[in-house]
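Dear colleague,

I am handing over the structure below, and after it you will find my notes on what turned up in it. Please read them with the coordinates open.

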Amino acid sequence: MSQLSVPDTSRGIPRLVITAGEPAGIGPDVVLMASQQAWPAQLVCIADVNLLKNRAEALGLAVNFKPYTAGQPVQSCAAGELYTIHVPLGAEVAPGTLNPINSTYVLATLNLAVDLCASGEAHALVTAPVQKSVINEAGVPFSGHTEFLAELTQTEHVVMMLAAADLRVALATTHLPLKDVAAAITPTSLERTLTIMASDLRTKFGIEAPRITVLGLNPHAGESGHLGTEEQTIIEPVLEKLRAQGMALTGPLPADTAFSGEVRATTDAYLAMYHDQGLPVLKYAGFGEAVNITLGLPIIRTSVDHGTALPLAATGQANAGSLLAAIRQSIDCCNRR
């Protein structure tokens with residue numbers, strides 16, 4: 001990976017690199033749908049250009065594909081325009097049918113995208129969904145975009161956060177079996193997570209003094225130790241330490257009441273202890289319009305809130321709402337940065 005540098009956004013138009021994700025899924029579809037509107041940014045899709053052209057024809061979309069080469073001036077995109085960087089597929093794609101041979105292609109697009117962001121050539125990364133299972137079937141251990149991007153950028157600690165309008169939910173642990181969650185929540189990891197959240201909420205979201213509500217791990221936040229002690233031995237001491245440093249933290253609160261209207265009104269972001277504790281609430285509130293943001297990375301990265309939806313590929317029935325929101329969020333973060 002290239003040495004990280006700070007991109008120049010002085011001209012006011014950010015350049016976003018977009019990876020089209022699993023080629024047999026709806027990633028290419030939603031990228032092409034997003035290209036149908038004008039953007040105050042340059043959208044550069046890293047994908048097999050023939051795949052994009054074939055999918056555009058299947059969807060009946062008129063797209064002006066414009067090859068991107070390094071060093072080009074940043075240009076905003078008119079409706080129907082999409083800049084591209086060609087990365088060849090490993091095998092021909094049948095929409096809806098996974099092929100492990102193309103896993104190398106998927107990872108190559110991500111590697112190139114990170115290199116472009118790291119060098120300053122691009123200002124942010126937007127990712128369409130990948131299929132974790134087929135990448136693992138190809139012999140590459142892969143637990144998700146978040147962990148893969150952390151490794152590529154040599155970032156020791158990152159935080160996964162999803163946002164739908166003003167509801168933001170970050171995760172203390174990500175893609176772990178439930179039986180491993182408690183052991184993964186340590187004072188060190190929890191303190192790092194909250195520190196990263198507070199920092200990125202200021203710099204990427206423009207929240208000057210972020211208010212974070214922290215959920216307990218156990219039912220009823222441990223019920224004073226009767227239903228678990230992690231709140232007393234791990235979570236509360238960390239919160240007390242960070243409050244003494246000026247951080248605005250509430251909790252640990254029971255997860256079943258923490259999203260009530262009164263608490264939401266005084267919360268800029270929530271920290272859930274595990275994936276399925278906080279994300280069902282967020283996805284119920286805004287599925288198809290939510291954005292996945294990786295906090296703590298040295299680059300800006302946003303993504304969709306959904307999977308590859310293989311049966312919908314090339315049918316025209318995919319909803320591009322989440323990718324549109326992810327692009328808007330990246331542009332907003334670039335402008336603030």
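In helix 1, the buried residues are Gly-27, Pro-28, Asp-29, Val-30, Val-31, Leu-32 and Ala-34. Since the model is a predicted one, please take this and what follows as computed from that prediction. Helix 1 spans residues 27-34, and because 7 of its 8 residues are buried, it is largely enclosed by the rest of the structure. The packing partners of those buried residues are strand 1 (15-19), strand 2 (42-47), strand 3 (64-67) and strand 4 (81-86), together with helix 2 (49-59) and helix 11 (321-336).

Helix 8 covers residues 230-244, and its 15 residues reach 20 Å from the first C-alpha to the last, which is close to the 21 Å expected at 1.5 Å a residue. Buried in helix 8 are Glu-231, Ile-234, Ile-235, Val-238, Leu-239 and Leu-242. An α-helix has 3.6 residues a turn, so residues three or four places apart point the same way. The cover over the buried residues of helix 8 includes helix 7 (187-203), strand 8 (211-215) and strand 9 (248-253). After helix 8 comes Gly-246, which has a positive phi, near 100 degrees.

Turning to the pockets, the largest pocket holds about 370 Å³ of space. It is lined by 23 residues, and those closest to its centre are Lys-132, His-175, Asn-292, Val-304 and His-306. At least two lining residues each are supplied by helix 4 (132-137), helix 5 (145-152), strand 6 (159-164), helix 10 (275-286) and strand 12 (301-304). By class, the lining of the largest pocket comprises 12 polar, 7 nonpolar and 4 charged residues.

The second largest pocket holds about 290 Å³, and of its 17 lining residues the closest to the centre are His-157, Val-158, Ala-172, Thr-173 and Thr-174. Helix 5 and helix 7 are the elements that give two or more residues to this lining, with helix 5 providing the largest share, 3 residues. The lining of the second largest pocket divides into 8 polar, 7 nonpolar and 2 charged residues.

Two single residues may also be worth a look. His-175, which is among the residues closest to the centre of the largest pocket, sits in the loop between strand 7 and helix 6 (181-184). With a relative accessible area of 31%, His-175 counts as partly exposed, because that value falls between the limits of 20% for buried and 50% for exposed. Not counting residues up to four places away in sequence, His-175 touches Lys-132, Ser-143, Glu-147, Met-160 and His-275. Asn-50 lies 125 residues from His-175 along the chain, and their C-alpha atoms are separated by 33 Å.

Val-169, by contrast, is buried, with a relative accessible area of 0%, and it belongs to strand 7 (residues 167-171). Leaving aside neighbours within four places in sequence, Val-169 is in contact with Met-160, Met-161, Leu-162, Phe-259, Tyr-270, Ala-272, Gly-278, Leu-279 and Leu-282. Between Val-169 and Ile-212 the C-alpha to C-alpha distance is 9.6 Å, with the two residues 43 apart in sequence.

With best wishes

Definitions and conventions
Residues are numbered from 1 along each chain as its sequence is written. This is a predicted model: local features need pLDDT of at least 70, side-chain atom pairs count only at pLDDT 80 or more; totals for chains, interfaces and linings use all residues. Side-chain values use heavy atoms; hydrogens and water are left out. Helices (H or I, at least four residues) and strands (E, at least two) are DSSP runs, numbered from the N terminus. The expected span of a helix is 1.5 Å times one less than its number of residues. Buried means under 20% relative accessible area, exposed over 50%, partly exposed in between (1.4 Å probe, protein chains only). Contact means heavy atoms within 4.5 Å. On a 1 Å grid over the protein atoms alone, a cavity is a set of points where a 1.4 Å probe fits but cannot get out, and a pocket is an open set with protein on both sides within 12 Å along at least five of seven lines; lining residues have an atom within 4 Å of a point. Grid points are joined across faces, edges and corners, and a volume is the space filled by probe spheres set on the points. Ala, Val, Leu, Ile, Met, Phe, Trp, Tyr, Cys and Pro count as nonpolar, Asp, Glu, Lys and Arg as charged, and the others, Gly among them, as polar.
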